[in-house]
Amino acid sequence: MKSITIQEIRLHVIAMPLVELLKTSFGAEPYKTAILVEAVDSDGHTGWGETALKTQPAYGAETIITALHITRDFLIPKLVGQTLDTPTRAPELLSSARGNHHARAGVEAAIWDLMAKANDIRLADCFALHLPPDHAPRDSVRVGVSIGIQDSLDEQIALIQKRLDEGYRRIKLKIAPGWDLDLARAVRQRFPDIVLMLDANSAYSLADADHLRQLDEFNLLMIEQPLAYNDIYEHSLLQPQLSTPICLDESIHSAGDWRLALELGAGKILNLKPTRVGGFTESLKLYELCVERGIPLWIGGMLETGVGRAANLAFAALPGVTLPSDISATDRYFDPDITEPPFVLGDGSALKLPEGTGIGVEVQPDRLAEAEARWRAYNPFPPLF
Ligand code: OSB
Ligand code: MG
């Protein structure tokens, strides 16, 4: 691949109204917020990445404000002026700043897009260049949809019906104590055959094992992250008590974490969010680990705008991603999105990979400016000092 020299990296903080809020066991925020990272090389190419974070440290420890500080003051200075022959060199350049995975993932994603564009190839093909030759990307990606906690079972059933009518063939529901067994029973009664999974976002403890075991009768594809966000060990005590496979999300931040979880038997499936593990370089390691061990893998989402979603879709096109991913069509999230063209759900509950180079979608400058102004009006925090 042709090298790139990074000339400048700009940050855009945005807030976007969501078509449908996603209420989880830790609540819902009114806007989808993110930092969009714009990296420019010395030949004038531009790459985009997304740091997908909320304003509160609820899903993970980082927030929009912490990521702004880390990105501006510690990550960007390490990259500007550097010449890279592959984006997989970015993590070593950034290694002096620990943790802060979402922040580093946003910057790394912009460099991946920049590298793909400078070389006139799709991002998915750029990923495949870093894998053995039998990992050429597919042209479309099987996806599902994630539905938040509703005020009533009737509303939940109606929303599932709407998503099935739209063509989604894998439904993920958020659960929390008090919104689990009755929910699963009602949904299974109404839809006995749909591919169904539940996501607890860490709402339970090991003391709930007997309760959670009652979910086994509902033929679930998996249960996502039942126990603490920072736990692996207790999941390894829970999994043998359930026939439903546990999928880990919040607990896994690196290939090392996943190796440990597999060693302990803490889960059987991985929800890989490239942004949670620090970027696509670490994601490639996790991907190879899953392929090597025959572990089911899918790509998760953080309600990304088109920028982050296009990159996740490119990664999900790799053939080792074996289960439907949390990458829904544009109209599930935004009207309009910040990028064009929109992602439209096609036959077989699939999204087509865009044909353009890099992430394959274009940021719309007028919508970006509007979303930045919306952030400035919404920003709930006074300046720090
Ligand atoms: O736990 O998977 C999760 C969104 C924000 C934070 C955490 C999660 C999610 C989702 C969204 O489930 C899936 C999507 O982006 O469509
Ligand atoms: Mg999850």
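## Close-up views of a predicted model

**View 1. Ser-236 and what it touches.** Leaving aside residues up to four places away in sequence, Ser-236 touches Leu-264, Gly-265 and Ala-266. Keep in mind for this and every other view that the model is predicted. Ser-236 belongs to helix H8, which covers residues 233-238. Its relative accessibility comes to 8%, and since buried means under 20%, Ser-236 counts as buried. There's a polar contact here too: a polar atom of the Ser-236 side chain sits 2.5 Å from the backbone oxygen of Tyr-233.

**View 2. Helix H6 and its buried face.** H6 takes in residues 181-190, and its buried residues are Leu-181, Leu-183, Ala-184, Val-187 and Arg-188. Look down the axis of H6 and these buried residues fall within an arc of 160°, so they line one face of the helix. Over on the other side of H6 you'll find Asp-182 and Gln-189, both exposed. So much for the helix itself; what covers its buried residues? The cover includes helix H5 (153-166), strand E7 (171-174), strand E8 (196-199) and helix H7 (209-213).

**View 3. Strand E7 and the parallel strands beside it.** On one side, E7 pairs with strand E6 (residues 145-147); the two run parallel and three bridges join them. Val-145 is the residue that stands opposite Ile-171 of E7 in this pairing. E7 also pairs with E8, again in the parallel sense, over four bridges. In that pairing Leu-173 stands opposite Leu-198 of E8. The chain gets from E7 to E8 by way of H6, and this β-α-β crossover is right-handed. E6, H5 and E7 make a right-handed β-α-β unit as well.

**View 4. Side chains of E7, one way and the other.** Ile-171 and Leu-173 point one way from E7, while Lys-172 and Lys-174 point the other way. In a regular strand, side chains alternate between the two faces of the sheet.

**View 5. Ligand 1 and its surroundings.** There are 15 residues around ligand 1, and those that come nearest are Asp-199, Asn-201, Lys-273, Leu-303 and Tyr-333. Which distance separates a polar side-chain atom of Tyr-333 from an oxygen atom of ligand 1? That pair is 2.7 Å apart.

**View 6. Two residues with positive phi.** Leu-303, one of the residues that come nearest to ligand 1, isn't a glycine, yet its phi is positive at about 55°. Leu-303 sits in the loop between strand E12 (297-299) and helix H11 (306-316). Its relative accessible area is 17%, so under the 20% cut-off Leu-303 is buried. Ser-349 is another non-glycine residue with a positive phi, near 55°. You'll find Ser-349 in the loop between E13 and E14, and at 4% relative accessibility Ser-349 counts as buried.

View 7. Asp-335 and Pro-336 are joined by a cis peptide bond, with omega about 0°. Pro-336 has its place in the loop between helix H12 (330-333) and strand E13 (339-340). Another cis peptide bond runs from Glu-340 to Pro-341, with omega near -10°. Pro-341 lies in the loop between E13 and strand E14 (350-352).

**View 8. An open antiparallel sheet.** Four strands make up this open sheet, in the order E3-E2-E1-E4, with antiparallel pairing. Strand E3 (46-52) and strand E4 (83-84) stand at the edges with a single partner strand each, so one side of each has no neighbour in the sheet. Strand E1 (residues 4-17) and strand E2 (residues 31-41) run antiparallel and are joined by 11 bridges. As for Ile-14, its bridge partner in E2 is Ala-34.

Definitions and conventions. Residues numbered from 1 in each chain as written. Chains lettered and ligands numbered in written order. Predicted model: local features only at pLDDT ≥ 70, side-chain atom pairs only at ≥ 80, totals over all residues. Heavy atoms only, no water. Buried < 20%, exposed > 50% of the residue type's maximum accessible area, 1.4 Å probe, protein only. Arc of directions from axis to C-beta. Contact = heavy atoms within 4.5 Å. Pairing = 2+ DSSP bridges. Right-handed = clockwise from strand over helix to strand, strands pointing away. Near = heavy atom within 4 Å. Polar contact = N/O pair within 3.5 Å; in protein donor to acceptor, adjacent residues only side chain to side chain.
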